Amino acid sequence: MSWIKPAPKTVRPFSLSNRKYIGSKRELASRIAKAIVARSGVPDSFFDVFAGTGAVTQVMAENGAGTIFACDNLKANTVILSGFFDPGPDGQASFLDELEKLNDLSGCDGYITAHFADTYFSRANCRKMDAVREGIARGEDAGRVPAQVSAALMASFLLAADRAANTLGQYDAYLKHIGSSGFENGRHVADSRIHEPFRLKPLSFLPSRPHRIYTADIFSLLATVKATVAYLDPPYNTRQYCDNYHVLENLARWEKPALYGKTRKFDRTLLKSPFSSRRYAKTAVAELLAEIQAEHVWLSYNSEGILSRTELIDLLSVHGKPEILEFPYPVFGKGAGVSRKRQVTEYLLYVKKAAGKRTNQGDTSIDDSPGGLPAGAALC
């Protein structure tokens, strides 16, 4: 009997939802998009003001939204979202060719290995990540790889890193027992995937759309970006996203900064968000609602957030008659390494702003007095 060589194993591509990301709208995105389309129609332009994982942008694009604008102050988020927009047949071919070359690179000792080996990642994976990240940077610096293809490669790199990370979904700490089995005495002490070889994978691209993705302070965009529909999903609690995802942000920026502490953080002063401050959150939301240039404004917030339901309604009432939907859903948390389910509610508020109305008569300055926002605050 002749031996038949088995067909190669099909590699399942990364999707935009393959993120371990606290606050992701993955489970709610379809319900949010359905509400937006039902009330505001399919927009010819859509502005995802705090893009995060891009879950809502993805569903809105799939629902036929026209030009996409998206903003986040974390480059790790924006480069992943940008990389998932279809680069066309030639771009896809170039992406797969570069992907294969990068996966064939031998590991080497570099910045990632020096700072993250045997903490957030296994040493073997760190060496491979060093080789691949430097390879992507060389292609960018030489101008050999088109920008959209480079973004797709970075998206695959960051998702592969996130998959291999020894964390519970955020990087404010790593699991301490990297050499252990996944669970000990009912506690999650190590991610079982950390010893799988690091490898880039193809992407499941989003529908092709005109798009502009910004890594920026949101207030720097509001004078120029106009959209039919704006979706606002600001941070709602005091946990800073730049703390939770500092490792991926470091890998995305690739500036190789000095790190400190057991958790290997870089200086994130300029990435701190006033929306995560009990002192400044209300002022920040008020400023944003006043300045956003969109006819239809949607705001997501959480029942466990800094601002109350009543405060949110009052803030939107300045600009029109607000409407509110409530989506109860279960979440997990409360205990390092231990999952406990609890019920929370997502508030989805809507207001139709008067055309051309700018509540503060076009003044885009930020109040840095004691009652206002801190000077130099990053608002996205």
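Modeller: What follows starts with the whole chain, turns to the aromatic cluster, and ends with some other sites.

The model is predicted. Its mean pLDDT is 86, and 83% of the residues reach 70 or more. One stretch needs care. Over residues 356-380, pLDDT stays under 50. The model still has 56 contacts beyond four places in sequence for that stretch.

The protein chain has 11 helices and nine strands. Of its 380 residues, 53% count as buried. Take the contacts between residues at least 6 apart in sequence: 75% of these join residues at least 24 apart. The chain exposes about 17500 Å², and carbon and sulfur atoms supply 51% of that area.

Now the aromatic rings. The whole structure holds 13 aromatic pairs. In one of them, Phe 116 and Tyr 120 have ring centres 5.9 Å apart. Their planes stand at 75 degrees, so this pair is edge-to-face; the cut-off for that class is over 60 degrees. Phe 116 is buried, with a relative accessible area of 0%. Tyr 120 is also buried, and its relative accessible area is 0%.

Tyr 120 has a further aromatic partner, Tyr 174. The centres of Tyr 120 and Tyr 174 lie 5.0 Å apart, with 75 degrees between the planes. That pair is edge-to-face too. It links distant parts of the chain, since the two residues are 54 apart. Tyr 120 lies in the loop between α5 (111-116) and α6 (123-141). Tyr 174 lies in the loop between α7 (147-164) and β3 (183-184). Tyr 174 has 15% relative accessibility, so it counts as buried; the limit is under 20%.

These rings belong to one aromatic cluster. The members are Phe 116, Tyr 120, Phe 121, Tyr 171, Tyr 174, Tyr 241 and Tyr 245.

The charged end of Lys 201 sits over the ring of Phe 14, 4.5 Å from the ring centre.

Next, the cysteines. The structure holds zero disulfides. Cys 71 is buried, at a relative accessible area of 0%. Cys 242 is buried as well, at 3%.

Helix α10 spans residues 281-291 and is mostly covered. Eight of its 11 residues are buried. Among them are Ala 281, Ala 284, Val 285, Leu 288, Leu 289 and Ala 290. The buried set also includes two acidic residues, Glu 287 and Glu 291. What do the buried residues of α10 pack against? They pack against β6 (227-232), β7 (294-302) and α11 (309-317).

A further glutamate, Glu 346, is found in strand β9 (residues 340-352). Is Glu 346 buried or exposed? At 2% relative accessibility, Glu 346 counts as buried. Its contacts, leaving aside neighbours within four places in sequence, include Lys 25, Leu 28 and Asp 233. Ser 300, Tyr 301 and Asn 302 touch Glu 346 too. So do Leu 325, Glu 326, Phe 327 and Tyr 329.

Definitions and conventions. Residues are numbered from 1 along each chain as its sequence is written. This is a predicted model: local features need pLDDT of at least 70, side-chain atom pairs count only at pLDDT 80 or more; totals for chains, interfaces and linings use all residues. Side-chain values use heavy atoms; hydrogens and water are left out. Helices (H or I, at least four residues) and strands (E, at least two) are DSSP runs, numbered from the N terminus. Buried means under 20% relative accessible area, exposed over 50%, partly exposed in between (1.4 Å probe, protein chains only). Contact means heavy atoms within 4.5 Å. Accessible areas come from the Shrake-Rupley method with a 1.4 Å probe; for residues, only the protein chains shown count as cover. pLDDT is the predictor's confidence in each residue, from 0 to 100. A disulfide is a pair of cysteine sulfur atoms within 2.5 Å. Rings of Phe, Tyr and Trp (its six-membered ring) pair if their centres lie within 6.5 Å; planes under 30 degrees apart count as stacked, over 60 as edge-to-face and the rest as tilted. A charge sits over a ring if NZ of Lys or CZ of Arg is within 6 Å of the ring centre and within 35 degrees of the ring normal.
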